[in-house]
Amino acid sequence: MSQPAVARRIGHHHHLNTPEQRQQVFGLSPGIEPSLPSPYQAHKLTADLQAARRQKTPQLLTQTQQAMANQTDKNLAPTSHAGIPRSIPESGSRSYATTPTNLDTGYVSKPNDVIKDGQQRSRGTSISSKTSSDSTGLMAPPGAPPTSAEHRPPPNPASLAQALRAVNDGTNELSLKDRLPPNDSPYTKSISSTAPASPRIPPVRQNSGTQTPRVRPHATTLNIPGMTKSTISPDGKIADRDVAAKLVIIMVGLPARGKSYITKKIKRYLSWQQHNTRIFNVGNRRRIAVDVHSPVQQKHENPMDTHAQVAQILLNGKEAKTEPPPQEKTHTEPSDWSLDDPKNASRVDQSANFFDPKNPQGSKIRDQLAIDTLDELLDYLLTGGGSVGILDATNSTIERRQRLFDHIKAREPKLGILFIESVCQNPNILEANMRLKLSGPDYRDKDPVKSLEDFKARVKQYESAYVPLGDYEEEHEMQYIKMIDVGKKLTHYGLEGFLSGGIAHYLSSFNLAPRQIWITRHGQSVDNQLGKIGGNSELTERGHLYAHALYKFITYQRQQWLVEAKNKLAKSTFPPLPGDRSPPYPEMNRELDEKNTCVWTSMLKRSIQTAEYFEADDDYDTKAFEMLNELNAGKFEGLTYEDIARSHSDEYHRRQTDKLHYVYPGVGGEGYLQIISKLRDMVREIERIKDHLVIIGHRSVCRVLMAYFMDLTRDDIADLDVPLGMLYAIEPKPYGIEFHAYKYNEQQGWFDELPNYKPAKTVDQNA
């Protein structure tokens, strides 16, 4: 009888609670108590016998079998079978049909096989004959061959002997090593195989589709550097092969609608997310090509030479000569087209007349420069390793947009194309945007009044041919996003791909409200004092003093900021005076007195304790966020960098080589890319809120947040110098940010501003 059959036989009588009942059922002499054998002990005996058969040692085999037989004689005394339940066959009656065990035959059938007429068949094969059973109607155990009365084998005493021998030897506990199965097969506990393991044959690269090679583009699913990986993209970035996942963004809108502001924000956000992104501005190419301040044709020592030559061909209507041109004016414009002294007349007029749709020369130049800029963008995406390219121009007509769309599809049909239109309906915001243009390259150092008049005339020229995004794009299945009044209203159509969806979510969080964002690390902690990384220690006495000084300084700065904002609002004038270039955005300043100040900390003690004075002031709103927790050092938590360098030199050098992509080993270990991913939603929330904000974080968190606001490159994130005691103030502006840095003066319990502060790399190679 096999070991599972023994277990079933004994387990069937689990209701026998007294020794007398058990002795009567099993026919044992008084004083002999049956007990369930240990499965590991039984397994050890089974393994011994199998080893003997493999070694083909008759002496050892005979000794093992004889030991089992002796154990059977010792424990199974002949008794009457009266009163034995029907599940245990009586002497002379039909017994269970059993199959020889592995000990007797050495044969192992597959788990899903059955035996029929001496032949092995799969369970999926139909068997028409009736399964064998005994006279009592009990089914044979699974896998049992059919038996007849004259060929039915007797119950296997070796298996029962094996179990009883394990009972008697139960006082000698086996070690854990001896209890473990000999191999890791999931069938080890039920079936033991003596056959050697088959070599694993790895799958061969193939194409199960109907077309070879594959024609259908690959799936464009989510790519997050540091959080996703695949064969073609082990670092999680968009692979060069996944052209369909890359994106061309085409800006649409009239001048002074905030297009450049939006493009810079999108570029900064996507680059911070480790997606290679670049802006291609048609206006910058136009200024270089027509060269406003050069009355003579000069040789250009930059890659824009060919585009300047194209502009000259279109302007003059003939091929450019190969020999150097004569040193004289190649084109003369009326002096009244210049905004300044006629002596500085432009070689090409770039006043409002240049942007008139009825001006054929100006239209040809602008169209050609747009195509040239687009070609440079496509080169960046297809051969330059780029993921997102942004074409910054007005693109205000259907004809221009369709031309750009067709040009992209002719070059690479799988590239994604997203139109983003910025619409400004608020007259005050529009006026402020126009004033901001006065400090741009077209009007820098010119009379602001004349510049504003000319710029408004330029806008009117565009308005005469402007067609907003809408029905035409929807009819031709062109995806687009329309943004009204810098995020107050957002509509989109047919967005495809994770990049387009993420951009739409990000754009919905924009606001131009004046506010301050303060970023600092916690005060000195006990682990800081000991040089340990990670952990959750409390502040030292110096750390508590820093927390008090931080509270006093932020409170003072709030009051100063409010006074300056109100004075600036009172001094603003419409129309602007000469030299007045700072847009006040009146609508946004109505809530100056109603602004709250939020204080955000991590959930670690040292960060929460640094905010204890803010927590005690009802004028502040404090909240702890787990996503602001310090980078988890895994199994290195609580160690010093010297400990890591000494005990784990390979990990130490791996981190020094590539700190940005390094992930600490062990449970919960993180890297900088994981911190960036955790802070994605945090950044969107920072962009959304209109209140002042104080973030008390940790070194890795402050580095990542500073990299976002300062638009730092990926090589600078993990090495940015953010020591204890530094406080950074950021004020978002329509043209970017205003940045200030302060250093803690421990002697005075105050903060000193560091003028002309520039972010730098840390000098501590371990930090």
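The model described here is predicted.

Most residues other than glycine have a negative phi. Asn756 is also exposed, with a relative accessible area of 75%.

Glu477 is another such residue. Its phi is near 55°, again a positive value in a residue other than glycine. Glu477 is found in the loop between helix α15 (471–475) and strand β7. Glu477 is exposed, and its relative accessible area is 60%.

Strand β7 leads on to the sheet. This is an open sheet of 6 strands, in the order β4-β5-β3-β6-β7-β8, and the pairing is mixed. At the edges stand β4 (277–281) and β8 (489–493), each of which pairs on one side only. From one strand to the next, the twist averages 20°.

Inside this order, β3 (residues 247–252) is paired with β5 (residues 388–392). The two strands run in the parallel sense, and the pairing extends over 4 bridges. Along this pair, Leu247 stands opposite Val388 in β5.

Helices lie across the sheet as well. One of them is α12 (residues 398–411), which lies across β3, β5 and β6 (416–423). The direction of α12 is at about 160° to that of β6. Helix α16 (residues 498–507) lies across β3, β5, β6, β7 (480–484) and β8. Relative to β7, α16 runs at about 5°.

A further contact joins two helices, α8 (residues 259–272) and α25 (residues 699–710). Their axes come within 9 Å and cross at roughly 150°. Angles over 145 degrees count as roughly antiparallel, and α8 and α25 are therefore roughly antiparallel to each other. The crossing of α8 and α25 is right-handed. On the α8 side, the residues in the contact are Lys265, Arg268, Tyr269 and Trp272. On the α25 side, they meet Val704, Ala707, Tyr708 and Phe709. Sorted by class, the contact of α8 with α25 has 6 nonpolar and 2 charged residues, and no polar ones.

Conventions
Residues numbered from 1 in each chain as written. Predicted model: local features only at pLDDT ≥ 70, side-chain atom pairs only at ≥ 80, totals over all residues. Heavy atoms only, no water. Axes fitted to C-alpha atoms, helices over the stretch in contact; angles between N-to-C directions. Parallel < 35°, antiparallel > 145°, perpendicular 65-115°, else oblique. Left-handed = near helix turned anticlockwise from the far one by under 90°. Contact = heavy atoms within 4.5 Å. Nonpolar A, V, L, I, M, F, W, Y, C, P; charged D, E, K, R; others polar. Pairing = 2+ DSSP bridges. Buried < 20%, exposed > 50% of the residue type's maximum accessible area, 1.4 Å probe, protein only.
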